[in-house]
Amino acid sequence: MGREQGAEAAGARDGRPGVWRALRRRGYLCSRWPWRSAAYLATGAVCGAGAFGLLVALILVGTVLSVLLIGVPLLAAICLAGVPMGAVERHRVRLLGGAAVRDPHPAVDRPGFVAWARTRLGEPVTWRELGYLFVFCLLLWPVDLAALGLGLLLPVGVLYEAGTVAAGVNGQVQLLPGWDIASLPQAAATGLLGLVWLPAGGYLMGVVAGGRAALTRMVLGRREAEFSQRLLEVSRSRARLVDAFEAERRRIERDLHDGAQQRLVALTMLLGLAGMSEGEEAAGLIAKAQDQAGLALEELRELIQGIHPQVLTDRGLPSAVHDVADRSAVPVDVEFALPGRLPEAVESTAYFAVCEALANVAKHSGARRAEVRGELAGDCLVVRIRDDGRGGADTDKGTGLLGLADRLAVLDGRLLISSPAGGPTLVRVEIPAGVTAVDSTGS
């Protein structure tokens, strides 16, 4: 088990399938990798055969109905057929370990199918996915099926048939034309061949599955140009974040100077006067000093709450969001389904995303009610903020949502907004958690 985890971890670091490293280790055949390779090939054969049938049906139906113009949208939809196939393949490649293949498609910042289709058709990866779909349907899934048959199904079948003859269940079995098993020596020789064939088939499945996974990563992963574009976007967002952080620093400095610092100066003066006074006058000055100290502490607490709330540190994201919802001017329903604590940066980013979204709901939406839902989908934290307001939210119309998108970009997160005129508005925040959530007790 330790070797298997080591191979998978090493593959995750360099981006290669973990099965490649496992193939070079002595205990490969006794590990789970041959079975994971078989599962990868089997699901490839099933997915490929299904995709081939659907693609042929789509082309035939679209061609027949094109005379009535009904089939034209069906034929046009073929251009986008590679997108769901690419998503399935990127998910399926995780069977062989290694780094996850991240979705190279950027988020669509406009609601509706038309905006989604227009965005996808303008992306190079969409056409790579379409090409991959045709190659998969015509070539790759038969290769998967052949490797699975030669590596597992045939040797297991040979062993089974030889065993039935040796046990006297069958008197004679024909494996292939001209290859009959009719006696115990023939059954023993065939069974020995199957025993030698089976481990060789395990290596064959590993090699073919590893090659298929490498092809999937190369074609369906992010390319250098896409990385460059992504780097440019991140650079711009971080430049905006630097400006935002500098403005926030000046705001904190101003709040400290105009608020708590002034009260502390007044407190010092009152205590000095109280030290020079006697009796009731001194007692009155001390009472005023206590009031000033209480106000200074309250202002400091409010300032600290805006920087990083203590409840987030002590009790985690769900409790912190409940606290924000209790203070919201619009009634908010909160529901979180998390198995435990997440990394601090993830919790902090999600918390401020919820704060910004709820602030926008209170200021601009005219909503009567809002809701916040959070869950861990795989290794990604997904938070949805929905309100029943007038809609029309747009990152181009204000700096709040743009700043939120920039904050998420630092953690490679995504902000998706659906806000048609008349509402409702749905803000979806996706943040890679990096690690599986751990129990909040630390166990």
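Author: Glu 89, Arg 92, Asp 144 and Arg 212 are linked in a network of salt bridges. This is a predicted model, in which local features need pLDDT of at least 70 and side-chain atom pairs count only at pLDDT 80 or more, while totals for chains, interfaces and linings use all residues. Residues are numbered from 1 along each chain as its sequence is written, and side-chain values use heavy atoms, with hydrogens and water left out.

Reader: What makes Arg 212 and Asp 144 a salt bridge?

Author: The term requires a side-chain nitrogen of Lys or Arg within 4 Å of a carboxyl oxygen of Asp or Glu. The closest N and O atoms of Arg 212 and Asp 144 are 2.9 Å apart, so the pair meets the definition. It joins distant parts of the chain, with Arg 212 in helix H8 (residues 184-220) and Asp 144 in helix H7, 68 residues apart. By this rule the count comes to 12 salt bridges.

Reader: Why is Arg 414 called partly exposed?

Author: Its relative accessible area is 27%, so Arg 414 falls in the partly exposed class.

Reader: Why does Glu 375 count as partly exposed?

Author: Glu 375 has a relative accessible area of 31%, and therefore it is partly exposed. Its salt-bridge partner is Arg 384, with the closest N and O atoms 3.1 Å apart.

Note on methods: Helices (H or I, at least four residues) and strands (E, at least two) are DSSP runs, numbered from the N terminus. Buried means under 20% relative accessible area, exposed over 50%, partly exposed in between (1.4 Å probe, protein chains only).
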